[in-house]
Amino acid sequence: MKENNTPAIMAYITIIGSIVAILMNTEEKKTEFNSFHIRQGLGINLSFHLFSYFIGYFDSWIVSVAYYVLTLGLLVIGFIAAGIVTGK
């Protein structure tokens, strides 16, 4: 049985995507898979903005680049887990 992965994938695309995914994951269509990825995507997005505030105080481009590479890596791992890359 194929699940609808759309809310799981939407959750990783900005905070607005997370909010849309929450609205898409209603009671009658709610799955544990989507709920997990919505929590995960929302956590990554909120952490990104919270930590970006503090990273902004560093005057080092090395710290900033390392932070953005780490965040991008987390998003790629999330997309792979949600099935967007593998297509499963």
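**Figure 1. The buried face of helix H2 in the predicted model.** Helix H2 covers residues 14–24, and Gly 17, Ser 18 and Ala 21 are buried in this helix. Viewed down the axis of H2, its buried residues lie within an arc of 100°, so they line one face of the helix. These buried residues pack against two other helices, H1 (6–10) and H3. Ile 16 and Leu 23 sit on the other side of H2, where they are exposed.

**Figure 2. Thr 14 of helix H2.** Thr 14 belongs to helix H2. Its phi is near 55°, a positive value in a residue other than glycine. Most residues other than glycine have a negative phi. Thr 14 counts as partly exposed because its relative accessibility is 46%, which lies between the limits of 20% for buried and 50% for exposed.

**Figure 3. The whole chain, for orientation.** The protein chain has four helices and zero strands. Read from the N terminus, the order of its elements is α-α-α-α. Its C-alpha atoms fill a box of roughly 50 × 25 × 15 Å along the principal axes. The chain has 88 residues, of which 28% count as buried. Its accessible surface comes to about 6,300 Å², and 72% of that area belongs to carbon and sulfur atoms. Among contacts between residues at least 6 apart in sequence, 58% join residues at least 24 apart.

**Figure 4. The largest nonpolar core.** Six residues make up this core: Ala 8, Ile 9, Tyr 12, Ile 44, Leu 75 and Ala 82. Helices H1 and H4 each supply at least two residues of the core. Three of its members, Ala 8, Tyr 12 and Ala 82, are also among the contacts of His 37, shown in the next view.

**Figure 5. His 37 and its surroundings.** His 37 is placed in helix H3. This residue counts as buried because its relative accessible area is 3%, and buried means under 20%. With neighbours within four places in sequence left aside, His 37 is in contact with Ala 8, Ala 11 and Tyr 12, and also with Gly 78, Ala 81 and Ala 82.

**Figure 6. Asn 34 and its surroundings.** At 3% relative accessibility, Asn 34 counts as buried. Leaving aside neighbours within four places in sequence, the residues in contact with Asn 34 are Asn 4, Asn 5, Pro 7, Ala 8 and Asn 25. Ala 8 is one of the contacts of Asn 34 and is also one of the contacts of His 37.

Figure 7. Tyr 57 is found in the loop between helix H3 (32–55) and helix H4 (61–82). Tyr 57 counts as exposed because its relative accessible area is 57%, and exposed means over 50%.

Notes: Residues numbered from 1 in each chain as written. Predicted model: local features only at pLDDT ≥ 70, side-chain atom pairs only at ≥ 80, totals over all residues. Heavy atoms only, no water. Buried < 20%, exposed > 50% of the residue type's maximum accessible area, 1.4 Å probe, protein only. Arc of directions from axis to C-beta. Contact = heavy atoms within 4.5 Å. Areas by Shrake-Rupley, 256 points an atom, 1.4 Å probe, with all protein chains shown as cover. Core = buried A, V, L, I, M, F, W, Y, C linked by side-chain atoms within 4.5 Å.
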